[in-house]
Every structure is written in C-alpha cells, then in structure tokens.
Amino acid sequence: MKLPRLFFGTNLKMYQTASETAAFLGELAQLTADLREEPIIRFVIPSFPSLPAAGAVERNGIRLGAQNMHWENAGQYTGEVSPLMLRDLGCIDLVEIGHSERRQLFGETSQQCNQKVLSALANGFTALLCVGETAAEKYYSISDETLAIQLKVGLADVSPAEIAAGRVWIAYEPVWAIGVNGKPAPPAYVQERHQRLRLLLRELYPGQCCSVPLLYGGSVNSENASAYIGLEDVDGLFVGRAAWNAPAFDALLRQVYAVWKEKGGSGPC
Ligand code: PGA
C-alpha cells in the first residue's frame, strides 16, 4: 500500500509580518491553483500574529498550520498560545510540534511534545511531529536511538484510530542539516533514517503505519529536492528558506511532483 498524496510545505519560522505572509500566500495560491485537484497536500506554517491575515486569504486549498501550541486550553502560561485560541481562528488545519529550534533553543522535551500531540489531536488538528538528531548524536552513531525515543515518546498514547485517520504526520529533520549553517544530508543517509522510522511505526501501529506520511526537511533546495523525494520512504518535503517566496515554492513543488509521480507515488509501507 502507498500513501496516495505528496506532502509539501514550508515553515516560515520568525520571518514575514502579517501583511507579508498574506501577500506570500495570496501569490502562492494563485500560482499553484492548477495543482489543487492533483494528489498534493500543500501547507504553509506562518507565525502566530500572521495567522488571522493568512486565514483571510483565498488559499485555493493550501492548508495552514501553527508553529507551536500549549497543550492546555487555558492557564497561567504567559506567552503561550492555547488550542482553543487556535481553534477560534477557524483556519488552522495542523500544528507543528517539536521543531528542532523549539527543542534546541527553548528546551522543549519529548514529553512536552507528546502532551502537545495529544492535545492537538483532541482539538481536531493534524499533528506534525518533528524529530531529528543533533550532530553529536550522529557522531556517536546514536541517530536511530534518538529518533526512536523522540517518536515513541512523542506518540505515546496516540491511538491506532487517530493514526489511521491520517492526522499524524512526521517530519524527519536532522538538526545539523537545518538552517543557514546546515549541511544537506546525503540522500542515502536520509533513506536509512526514514526506513527505520517506517519500521518503528509499523511496530507501534501494526497495519496503520501507511497513514503516517514521512516528510524530510533540512536545507532542501532545487539542487537536492529531486534526490530526496525520489527516495523510497520519503513521502513529502518540509522546506524552509528555499520556499519563502511564492515563485520559488511553486517551482520547487512542481519539480518535486514530477519526480514523485515518476517514482510511482509515495513509498510502500
Ligand atoms: P531550512 O529549514 O530548509 O531553511 O534548512 C528547514 C526547517 O527548519 O524545517
């Protein structure tokens, strides 16, 4: 069995004001309008203050996500944003959880990520759980151990029914491959990690793991995107810098879609 869709999106991190985000999305929606009927899930994850403006744009099916979320509906958590607040916006489809910048720079733990995943699902969102090893973990050859811990803890108590509903996505993003100082990962290395993640999902959710798309991210650009999406166990790409203007997003998506179709859709699971 294969996942029937290609997943392709970007996280805008702490870039783009509300008006810039709206302009970006509007242009992107126009450029990719003809792809709406194709088996592609396009998504954009803006900053919190940009979400209302982004929600007001005609998006031609582009899904919107939030970059983070507290797991409680309300409480004494200064500076945090709750699931109720996101739901009230009425435009959020998914919540990104555990991006490496959250884990590395803000000390987010896998247990907290798990609380966020459970809360996101309970509130009707799709949970996009990010996992990835640091350069040191890779050096000590414990990448798979790190990924297994992040995945098992992150998905603790997530039911097979929720997995089957397709509302959990996983993004593998090696910390050392992300951002301006990141080094693109060798495709063979990415395939090995994705294969291990798929195996683990199969163990955790027998018969259901086909519902979980495995996205790859970290310095994806027009030079390496085809190689990544051509890998057997890569179902989509999660792009940063290379997709932050609409023509670049559109061109990269079309490039990736052509390769994805050529390989016959997403990998067997
Ligand atoms: P990058 O970001 O493509 O700019 O490396 C990827 C990410 O952080 O998701």
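Leaving aside neighbours within four places in sequence, Pro174 is in contact with Gly132, Glu133, Ala185, Tyr216 and Gly217. The model is a predicted one, and in it Pro174 is found in the loop that runs between strand β6 (168-172) and helix α9 (187-204). Helix α9 in turn packs against α7 at an angle of about 40°, while α7 also packs against α5 at an angle of about 40°.

- Pro174 and Leu121 are separated by 53 residues in sequence, and their C-alpha atoms lie 25 Å apart in space.
- Tyr216, one of the residues in contact with Pro174, is also among the residues with the most contacts inside the largest nonpolar core.

**Helices α7 and α9**

- The axes of α7 and α9 are 10 Å apart, and the angle between the two helices is about 40°, so α7 and α9 are oblique to each other.
- The crossing in which α7 passes α9 is right-handed.
- On the α7 side the contact is made by Ser143, Asp144, Leu147, Ala148, Leu151 and Lys152, and on the α9 side by Tyr189, Arg193, Arg196, Leu197, Leu200, Leu201 and Leu204.
- By class, the residues of the contact of α7 with α9 comprise eight nonpolar, one polar and four charged.

**Helices α5 and α7**

- Helix α5 (residues 110-122) and helix α7 (residues 143-154) pack with their axes 8 Å apart, at an angle of about 40°, which makes α5 oblique to α7.
- The crossing of α5 and α7 is right-handed.
- From α5, Ser110, Gln111, Asn114 and Val117 meet Gln150, Val153 and Gly154 of α7.
- The contact of α5 with α7 is made up of two nonpolar and five polar residues, with no charged residues.

**Nonpolar cores**

- The largest nonpolar core has 71 residues, and those with the most contacts inside it are Leu86, Leu155, Ile170, Tyr216 and Leu237.
- Another core, which lies apart from the largest one, has 11 residues, including Ile41, Ile45, Leu94 and Phe238.
- When residues up to four places away in sequence are not counted, Leu86 touches Phe48, Leu51, Ala66, Asn68, Met69, Val81, Ile92, Val95 and Phe125.

Definitions and conventions. Residues numbered from 1 in each chain as written. Predicted model: local features only at pLDDT ≥ 70, side-chain atom pairs only at ≥ 80, totals over all residues. Heavy atoms only, no water. Axes fitted to C-alpha atoms, helices over the stretch in contact; angles between N-to-C directions. Helix = DSSP H or I, 4+ residues; strand = E, 2+ residues; numbered from the N terminus. Parallel < 35°, antiparallel > 145°, perpendicular 65-115°, else oblique. Left-handed = near helix turned anticlockwise from the far one by under 90°. Contact = heavy atoms within 4.5 Å. Nonpolar A, V, L, I, M, F, W, Y, C, P; charged D, E, K, R; others polar. Core = buried A, V, L, I, M, F, W, Y, C linked by side-chain atoms within 4.5 Å. Buried < 20%, exposed > 50% of the residue type's maximum accessible area, 1.4 Å probe, protein only.
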